[in-house]
Amino acid sequence: MFRFPRPPRSLAGQLFAMQVLLVAVVLAGCAVFAYATARGQAEEAARLQAGAVARAVADSPSVVEAVRGAGRGTDPSPALQPYAERVRVDSGVDFVTIMSPAGRRWTHRDPRRIGEPFLGNTAPALRGETFAETYTGTLGPSIRVVTPLLDDGRVVGMVSAGITVRAIRDRLAGQLSALVWVAAGALTLGGMGTYVVNARLRRHTHGMNAAELSGVYDYHQAALHGVREGLLMLDGRRRITLINDAGRELLGLRGEVRGTAVADLALPPPLTGALLADRPRVDEVHLTADRVLVVNSSPVAGGGRRGTVVTLRDHTELQSLAGELDNERGFTEALRSQAHEAANRLHTVVSLIELGRADEAVEFATAELELAQALTDEVVTAVGEPVLVALLLGKAAQAHERGVELIVTRDSSAVDTGPGTPPARDLVTVLGNLVDNAVEALMGTPGGRVAVTVRHEGEGEGEGEQILIRVTDNGPGLPEGAGADVFRRGWSGKGEGRGLGLALVRQVAHRHGGSADAAPASDGGAEFTVRLPVRRAVRA
């Protein structure tokens, strides 16, 4: 007959069975030890009791006097038998036998046995010694004590008192019964306590057995260290209980951090606040010293404990690509705007030709061409770096479309982007975000103007060499007391929660060991200055 295999018992069930078995074995061992100890103590107590009774009878003057009569031919049994029975009953022993030196009984519990020889050893007593032994007599096996009966130092008789082994067992049976009930009660209480503990363990382990738990742990470790996203688990006191390798790398943590409070990790305040928050966070963008992170968090409650699970995704490259895409989109919009303007100018030239005013058409077209070429030549001469030139030309077209004038100051100089200088991508991030911020601040402001300064300072001077980028506007300026807060993620002149560009500017500056500052401009607007060090390779 086919039998379905029994599913493996859960870990809690295995522990319950093991603990109950262990408790039962311990209790059984204790019971056996207690019984053996009690039996030894009972036998010793019986031996002491019998010895005390035997010596007391042997020292009784009436007994000595009756035995003296036996020496004169008088039978001492009528005098000794009632006395011996009273002592037996009063002392609780099973027999008191008084006998002659030859071993003939003068008293016995069964009067019919009087006069018969005593069954047992008497030689030590005849030598004047008191001894104890276990011997099988007429009443069965017994623990007995035999002591000499002395008269003027002579052994004139012997006294034996004893307790049967059956009587000792009867006494132990009552103690053993109580011991069994105590052991059963202890086993029941231990089993109930073990069941309660294991029921809680079963809830925590979800009824899985050891193999399943081991498999879950193996998968957990593989998933923990295999995913590219950072993973943190925080307890109810916001201490790190688990963090994977990617989480350490994204947060820039070194050494052992498990058990460390989030507040002690020296993370940026906005990121620390997100990790400490009780509410779930979904795709929040936060900045560290050199990374852009997307943070998701979810509170966890289970097993009487609370905590938070946090996932981190590196958004740095994506954010950089998004910035480049925005710039390309800006270039496209600038080209669209220029194409629109060119179409308008072309229509004007065509119309002037159709009206027969060819000279005016040539003059108009030449003037527009010279104006566009002059702007291009100005930017190329002042900046030099092709990527920055393209960026500024596109931003100038966008600014013009929004009614803002963008100029490059005369103190700008060509930027060398050779070895040791920050990558062009980072320069685009800094300059593009500063110009976008200035243009946005000037929207709706008549006569708005943005002045851009880009220059290479201290070229060839070693450690003092740097690239300076300064953007100045004549807008409403910075709010009073804003200071360094303008570079905080989420700060925006249009309201909280929008600003990311200035935070990226500061991140780039800090990543290259530079600085980003904001201050009021001389004409009432705002002035943003970024300095990026140039690290040239030292020649041998």
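This is a predicted model: local features need pLDDT of at least 70, side-chain atom pairs count only at pLDDT 80 or more; totals for chains, interfaces and linings use all residues.
Reader: Which residue of E4 stands opposite Leu149?

Author: Gly157. Likewise, Val145 has Ala161 of E4 opposite.

Reader: And how many residues lie between the strands in that hairpin?

Author: The hairpin of E3 and E4 has 2. Look at Asp152 there: its phi is positive, near 60 degrees.

Reader: What about E2 and E3, how many bridges?

Author: 7 bridges, and again the strands run antiparallel. E2 is residues 131–137. A hairpin of 2 residues links E2 to E3. Gly137 has Gly140 of E3 as its bridge partner.

Reader: So what's the strand order in the sheet?

Author: E1-E4-E3-E2. The sheet is open, has 4 strands and pairs antiparallel. E1 (95–99) and E2 are the edge strands, each pairing on one side only.

Reader: Is E3 enclosed or open, and why?

Author: Strand E3 (residues 140–151) is largely enclosed by the rest of the structure, because 10 of its 12 residues are buried. Buried means under 20% relative accessible area (1.4 Å probe, protein chains only).

Reader: Side chains in a regular strand: where do they go?

Author: They alternate between the two faces of the sheet.

Reader: New topic. How many residues are in the largest nonpolar core?

Author: It has 34. Such a core is a set of buried Ala, Val, Leu, Ile, Met, Phe, Trp, Tyr and Cys residues joined through side-chain atoms within 4.5 Å.

Reader: Which residues have the most contacts inside it?

Author: Leu431, Leu434, Val450, Val452, Val471 and Val530.

Reader: Which elements give two or more residues to this core?

Author: Three helices are on the list: H11 (386–401), H12 (424–442) and H13 (501–511). The strands are E10 (405–408), E11 (449–457), E12 (466–473) and E14 (526–533).

Reader: Which one gives the most?

Author: H12, with 9 residues.

Technical notes. Residues are numbered from 1 along each chain as its sequence is written. Side-chain values use heavy atoms; hydrogens and water are left out. Buried means under 20% relative accessible area, exposed over 50%, partly exposed in between (1.4 Å probe, protein chains only). Two strands pair if DSSP finds at least two bridges between them.
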